[in-house]
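Hi,

Here is the structure I said I would pass on.

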Amino acid sequence: MKELKTKKMKNFKYYIGLLLALTLVFTSCQEDDASIGDIITPSNVTISAEVVGLDADNPYGDGSGFVNFTATANDEITYQFNFGDGKTGVAPSGAIQHRFTVTGVNTYTVVVSAVGSGGVTSSTSMEVEVFSSFSDVEVENFLAGELVNDSKKWYWAANIPLHVGLGPVEDDYGNGEFAYEAWWNAIQPWDEEKSCMYDNEFVFTRTEKGLTFEQTVGPAFVPGTYAGTIGVDGDTCHDETVATTMFGVKNVSFFPSSSKAATEGSYNEKPYRGTTFEISDGGFMGWYVGASTYDIISISEDKLHVRIIEKGGGAAWYQVFTSSKPTEGEVFESVFNSLVWSDEFDTNGAPDATKWTYDIGAGGWGNQELQTYTNSTDNAVVEDGFLKITARAENGGYTSARLKSENLYEFTYGRVEVRAKLPNAQGTWPAIWMLGANFDIVDWPACGEIDIMEQNGQDKATTYGALHRPGNFGGDADIGSIPNATSTTEFHNYTVEWTTSEIKLLVDDTVFLSFANSPDTPYNLDFFMILNIAMGGALGGDIDPAFTEDTMEIDYVRVYQ
């Protein structure tokens, strides 16, 4: 009886469910009919085109590639355009401007579809012949290669600091800072939060008709600034169900930059390249912000530095890509292998006078520093295989030491490697650096400066490095940083790799600052080395009131060429 009762109950529930379902279907159909109304197909669709700059002397336009289209129809809601160059657009008014970017005079078949109620469409087409004069062959070759069918893969430059940054779009605060990472510039190599995107691969390919782009390995990173716009979690990666335009082959077009940053701003006091590229069909390079247009800031060797404005115009993202796939934890391979000079600090007592001399005195040294430099072994001494530079609180002030190889050992190009353990006290500012040997003739910054290692007096868990030269010095120098949590408790290798074409700064063989050297910089003449601890000043900051003394210990200094 229990089994029979159960079957009857199941049948009863089935009949009730069926009745409810039929009622809902009937009601839904009535509601749909009421909301849709008559479905009317648009009619009398027309399209016209005005090529910008067209006149008797310029029969295909002024070379900008701009064309103004106007579509009309009866009973339409909006218009969809297919411009025949791999790009599309939507214009409810029927008026839209499009830029054709393939260099030379080219003919395109433009199709416009008038969209009516219920999504029904009527279409017409026309041919437009237009001239585009802009080209940047160097960029095209850089991205894809010179020959048809050449391809090049690109990756996030995850092994260097600031491979992603954030700044305002146009607000320059009176000093142009909208054109660089004015808001967020703290990302370090292999940032944990961004690790989900570091396997991304982007392929540019040269075809007979131009360049194509394809993201071959996802996912897409969606920053918090844009995530709310599309209703997803921010500052994490998403697949193609969110970033629906991530995959597939897209076309790439190039045109002159028109953003305020590219036309009025600068990056590290250098103008933008002036070239913009756009990826068709919503394509993007791994960072999903609803935009596909990239201003090129610069290209150099294997680095592509770009700026993209987030959809809605609230933020500008700065990104660095590389064609040399970085590997986390990879061993840096130096081009210099011959040891040409070193000090292993094996003899106790004062530092070797054949290798080191001193800067002496006070006066702030141009950075509001508070120490007085001496040549006393109280401040610089070799003990137990280490050079020990010690800053001390003395007589209401501070003493320290600044050793240099000026006039004793000066050189051009090579690898300098210094193994050191840094002071921990607040307000100490240790540095391992190099200065142009013509300093006494041309002065600073014309002589150039290479800061292999500097440590902030308030932040002992970060290592900094910088390159100073005319136009880029002080706060405007090329500056890099890298986390270094054990800098005061363990020895680390602080290194510069210096060639005719590049300068790299490293900690434990991890590059944290790269600079493209050229004949125009001061980094092609002799330099000498400097080792010191400053107190307070621009980077040292406030000194601990209870400070008594602290030491930088150096295991060795080696120069390879």
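Q368 sits in the loop between β20 (357-359) and β21 (371-373). Keep in mind that this is a predicted model. Q368 has a positive phi, about 60°, and it is not a glycine. Most residues other than glycine have a negative phi, which is what made me stop there. Is Q368 buried or exposed? With a relative accessibility of 59%, Q368 counts as exposed, because the cut-off for that is over 50%.

E269 is another one to look at: its phi is positive too, at about 65°, and again this is not a glycine. You will find E269 in the loop between α4 (260-264) and β15. Its relative accessible area is 46%, so E269 falls in the partly exposed class, between the 20% and 50% cut-offs.

While we are on backbone geometry, there are two cis peptide bonds to check. Most peptide bonds are trans. Another joins W444 and P445, with omega at about 10°. That proline, P445, is in the loop between α5 (439-442) and β28 (449-454).

On to the aromatics. The count of aromatic pairs is 33. Take Y413 and W498: their ring centres are 5.6 Å apart and the planes meet at 65°, so this pair is edge-to-face. The two residues come from distant parts of the chain, 85 residues apart, with Y413 in the loop between β25 (402-404) and β26 (414-421) and W498 in strand β31 (residues 492-498). Both Y413 and W498 are buried. Elsewhere, one aromatic cluster is formed by W156, F202, F204, F213, F221, F254, F277, W287, Y294, W317 and F321.

A few strand residues are also worth a click. T463 is in strand β29 (residues 462-468). How accessible is T463? Its relative accessible area is 1%, so T463 is buried, the cut-off being under 20%. The side chain of T463 makes a polar contact of 2.9 Å with the side chain of N484. Leaving out residues up to four places away in sequence, T463 touches M453, E454, G480, S481, I482, N484, Y494, V507 and F512.

E553 lies in strand β35 (residues 549-560). At 19% relative accessible area E553 is classed as buried, because that value is under the 20% cut-off. Again leaving out residues up to four places away in sequence, E553 touches F386, L387, K388, R419, A420, K421 and F491. L387 is 166 residues from E553 along the chain, yet their C-alpha atoms are separated by 5.7 Å.

What about I533, and where is it? I533 is part of strand β34 (residues 527-535) and is buried, with a relative accessible area of 0%. The C-alpha atoms of I533 and A391 are separated by 6.5 Å, although the two residues are 142 apart along the chain.

That's the lot from me.

Cheers

Terms used
Residues numbered from 1 in each chain as written. Predicted model: local features only at pLDDT ≥ 70, side-chain atom pairs only at ≥ 80, totals over all residues. Heavy atoms only, no water. Helix = DSSP H or I, 4+ residues; strand = E, 2+ residues; numbered from the N terminus. Buried < 20%, exposed > 50% of the residue type's maximum accessible area, 1.4 Å probe, protein only. Polar contact = N/O pair within 3.5 Å; in protein donor to acceptor, adjacent residues only side chain to side chain. Contact = heavy atoms within 4.5 Å. Phe/Tyr/Trp six-rings, centres within 6.5 Å; stacked < 30°, edge-to-face > 60°.
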